[in-house]
Amino acid sequence: MHKDRQQALNAEHLVSSGAALMLEQPDLTAQKLADLLENQNSTSLTAMSDAARKAGIKDAAVRVADVIKEVAN
């Protein structure tokens with residue numbers, strides 16, 4: 001676990017856009033995870049899938065490569 005919540009902060013974009021759910025590690029129990037998963041259905045999963053497509057950055061790999069090339073020069 002990261003003491004500075006790095007994983008949670010990285011995931012927040014997807015959570016806030018409706019593309020993911022978050023159960024933070026200190027709160028993680030088998031029962032809480034089971035409850036979270038049991039509350040999902042095809043409608044909620046389809047909505048998260050649609051939101052994930054919209055939240056994605058299609059040219060992310062190109063952007064990262066450009067930054068690496070710029071820094072390397």
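**View 1. Order of elements in the protein chain.** From the N terminus, the elements of the predicted model run α-α-α-α. The count is 4 helices and 0 strands, where helices (H or I, at least four residues) and strands (E, at least two) are DSSP runs numbered from the N terminus. Residues are numbered from 1 along each chain as its sequence is written. Because this is a predicted model, local features need pLDDT of at least 70 and side-chain atom pairs count only at pLDDT 80 or more, while totals for chains, interfaces and linings use all residues; side-chain values use heavy atoms, without hydrogens and water.

**View 2. Overall dimensions of the protein chain.** Along the principal axes, the C-alpha atoms fill a box of roughly 50 × 30 × 15 Å.

**View 3. Contacts in the protein chain.** Of the contacts (heavy atoms within 4.5 Å) with a separation of 6 or more, 47% are between residues 24 or more positions apart.

View 4. S49 lies in helix α3, which spans residues 42–55. Its relative accessible area is 31%, so S49 is partly exposed; buried means under 20%, exposed over 50%, and partly exposed in between (1.4 Å probe, protein chains only). Buried residues make up 7% of the 73 residues in the protein chain.
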